[in-house]
Structures are given as structure tokens and as C-alpha cells.
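Please consult the sequence and the model below before reading on.

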Amino acid sequence: YLYDGEDARVTKISYGEKATEKFTVLAEDVDGFIATPNGKYVYFVSDGTLYSTNGQKGGKKTTVCSENVDGADVSSKGNLYYIYDGDLYVTSNGKKGKKVLSDVEEVYCTASGEIYAETADALYASTGAKKLKKLMELD
């Protein structure tokens, strides 16, 4: 997957004497994107709206959230967590998400795929399942 500062693309590059580059534009004029580990879905923001599309073929985009998303990340299991209006939502099928936590300030994923969500008074964690568990209280 490539992001050139404007478009999200899937590319296949071959090397050697018959080198070729084939690009499929997944979405134009995007503000960034996140792909699931298996490449099935690509999530991207364009004009303040969060969309998904088939990551391997491109094609039809589906609206996940029609307002500005404050943060997003994908777990090792391919679940997309995103913050909208202070609440954390999760989706695994490229469609509208389900609310899982309120008053979330930040969401992020570790290199090994665990998701962490921070509220004003606690840190929550998930190993990729949709439900997050309280990990610790914050001062």
C-alpha cells in the first residue's frame, strides 16, 4: 500500500528485465489511511468522512463515520478502533462501528497489535478482541 500525500494506492511491482509497476487507486484526495493486517479492508479519511474499501481490489467505498474522526488504529485481528465525538467505536467489517467506550482521549496500537485507549482517569487495553478491559487507573 502506498500513500503519496493525496491518493491511497495498491501497487504490485516486479523486478528484473521486465520490470513493471501496476497501481490501483483505492481513493483519491485522502488525508491518510490504515490497512488491516490481512489487507482485506483499507480505511481512509476524505473530506472529514471515514470510509472503508476492499483493500485488495479497490472499488466501492463504504461510509464508516460521516463526521471528523479524532483518531484511529487497527488491531492485529483487523478490528478498526476510532474516536468520534469523544467515544470509541470498533468495526471489523468495513461498516459503521459499535460504541465500546466513552470519553476517550486517545487510541493507539502497539507493534504487536494490542490496542490501548486512554480516558482522563484510566487506561484500557485489548489484545485485538473488540472489548477493552481496564488496565489501570490514571492520576
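Strands here are DSSP runs (E, at least two residues), numbered from the N terminus.

## Basis of the model

The model is predicted: local features need pLDDT of at least 70, side-chain atom pairs count only at pLDDT 80 or more, and totals for chains, interfaces and linings use all residues. Residues are numbered from 1 along each chain as its sequence is written, and side-chain values use heavy atoms, with hydrogens and water left out.

## Partners of strand 10

Strand 9 (residues 80–84) runs antiparallel to strand 10 and is joined to it by 5 bridges; two strands pair if DSSP finds at least two bridges between them. Y81 has V90 of strand 10 as its bridge partner. The two strands form a hairpin with 2 residues between them, and D85 in the turn has a positive phi of about 55°.

Strand 10 also pairs with strand 11 in the antiparallel sense, over 3 bridges. Here the bridge partner of V90 is K98 in strand 11. This hairpin has 6 residues between the strands, and G94 takes a positive phi near 75°.

## Salt bridges

How many salt bridges does the count come to? The count comes to 2, a salt bridge being a side-chain nitrogen of Lys or Arg within 4 Å of a carboxyl oxygen of Asp or Glu. D87 forms one with K99, the closest N and O atoms being 3.5 Å apart. This pair links distant parts of the chain, since D87 lies in strand 10 (residues 87–91) and K99 in strand 11 (residues 98–101), 12 residues apart. D87 counts as buried at 14% relative accessibility, whereas K99 counts as partly exposed at 42%.

K134 forms a salt bridge with E137, with the closest N and O atoms 2.8 Å apart. K134 counts as partly exposed at 47% relative accessibility.

An open sheet of 4 strands has the order 12-13-14-15, with antiparallel pairing. Its edge strands are strand 12 (104–109) and strand 15 (133–137), each of which pairs on one side only. Strand 14 (residues 122–126) pairs with strand 15 over 4 bridges in the antiparallel sense, and L123 stands opposite M136 in strand 15.

How values were computed: Buried < 20%, exposed > 50% of the residue type's maximum accessible area, 1.4 Å probe, protein only.
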